[in-house]
Amino acid sequence: MLIKIFREVCSAVIDFLFPPRCPLCGEPTEKYGEWCGGCLKAAVFVRSISLPPLIDRVILLGRYRGGLRDIIHRVKYDGETERITYVQEFLIAAEKSLPPNFLPPADLVIAVPVPLYPAKEKKRGFNQAELFFAEWLKKRGIKTVRLLKRKRATTAQFGLTPTERRKNVADAFAAMENTAEIAEGKTILLLDDIMTSGSTLAECAACLKRAGVKTVWAMALSGDGQKR
């Protein structure tokens, strides 16, 4: 009882000294991890991108600019993993705009994050694609499995031309040895934080298809793609 009271007092003091605010505009919010309504509405921009023949559908959830980009970068490059709570709030809001039956019910869906080069992941301490979607997928009973590996280091896709992007990721990925055993004939949901031209997702999808995966869908927090 005393411990509970102590925690409640500490929480009240913290809320008084450091009240929860929107991560972008600084407007007060009811609890930590929330955005204000205006900033959240501006960040969510769900659209469907077609990347045939390897990927049946790509869903981009937000605009790659402003607040969402800032949060993604601060998690990825500055290690501010406490900002994941803002991503979770964003995903809840974006889900309301997802197309009906986004995940095919007839097949077993497995979530596969786009892999980082091992040295980069070791330095960063996490795979951001996996981290951003972890809680959202868990609540929906979708299992995340690492079925891909990155064979070589690549440069960031941002700022490259479409041709340079394709060359940058060409033959950069491979399916894990157990991919066919786990995912043959199944539907895979590829996960990434940012989609630029789609070259990375397409290269990953090609590896999965060669391993026997039936259908590849994809989802990214944000991207440059236009609605189609």
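Q: Which residues does W35 touch, not counting residues up to four places away in sequence?
A: In this predicted model, W35 touches C22, P23, L24, T29, L40, A43, L68, I71, Y86, E89 and F90. Each of those counts as a contact because heavy atoms come within 4.5 Å.

Q: What makes W35 stand out in the largest nonpolar core?
A: W35 is among the residues with the most contacts inside that core, along with L61, F90, F133, M219 and L221. The core has 38 residues, and its largest share, 7 residues, comes from helix 4. There's also a second, separate core of 27 residues, which includes I55, L60, L190 and C204.

Q: How much of the protein counts as buried?
A: Of its 228 residues, 46% do. The cut-off behind that is a relative accessible area under 20%.

Q: How do you know that the buried residues of helix 6 line one face of the helix?
A: Start with the list: Q128, A129, F132, F133, W136 and L137 are the buried ones in helix 6. Looking down the helix axis, you find them within an arc of 130°, so they line one face.

Q: What makes N127 a cap for helix 6?
A: A side-chain oxygen of N127 lies 2.9 Å from the backbone nitrogen of A129, at the N-terminal end of the helix. Just after helix 6, G141 takes a positive phi of about 70°.

Q: Why is the R140 and E95 pair called a salt bridge?
A: The closest N and O atoms of R140 and E95 are 2.5 Å apart. The limit for an Arg nitrogen and a Glu carboxyl oxygen is 4 Å, so the pair qualifies.

Q: What does the R140 and E95 pair tie together?
A: R140 sits in the loop between helix 6 (128-139) and strand 4 (143-144), while E95 belongs to helix 4 (residues 84-95), so the bridge links parts that are 45 residues apart in sequence.

Q: Are R140 and E95 buried or exposed, or what lies in between?
A: R140 has 33% relative accessibility and E95 has 29%. Buried stops under 20% and exposed begins over 50%, so R140 is partly exposed, and E95 is partly exposed too.

Q: How do you know that R146 and E130 form a salt bridge?
A: Their closest N and O atoms are 2.7 Å apart, and the cut-off is 4 Å. R146 is in the loop between strand 4 and strand 5 and E130 is in helix 6, so this bridge ties together parts that are 16 residues apart in sequence. R146, at 36% relative accessibility, counts as partly exposed, as does E130 at 24%.

Q: Which residues do salt bridges with shared partners join into one network?
A: D70, R74, E80 and R83. One of the bridges is R74 to E80, at 3.1 Å from N to O. Over the whole structure, the search finds 9 salt bridges.

Q: What makes the phi of D171 worth a look?
A: It is near 60°, a positive value in a residue other than glycine. You'll find D171 in the loop between helix 7 (162-169) and strand 6 (173-175).

Q: Why should helix 1 be read with caution?
A: Helix 1 (residues 2-17) has the lowest mean pLDDT among the elements, 48, while strand 5 (residues 148-150) has the highest, 96. Over residues 6-14, pLDDT stays under 50, and the model has 2 contacts for them beyond four places in sequence. For the protein as a whole, the average is 86, and 89% of the residues score at least 70.

Methods:
Residues numbered from 1 in each chain as written. Predicted model: local features only at pLDDT ≥ 70, side-chain atom pairs only at ≥ 80, totals over all residues. Heavy atoms only, no water. pLDDT = per-residue confidence, 0-100. Helix = DSSP H or I, 4+ residues; strand = E, 2+ residues; numbered from the N terminus. Salt bridge = Lys/Arg side-chain N within 4 Å of Asp/Glu carboxyl O. Buried < 20%, exposed > 50% of the residue type's maximum accessible area, 1.4 Å probe, protein only. Core = buried A, V, L, I, M, F, W, Y, C linked by side-chain atoms within 4.5 Å. Arc of directions from axis to C-beta. Polar contact = N/O pair within 3.5 Å; in protein donor to acceptor, adjacent residues only side chain to side chain.
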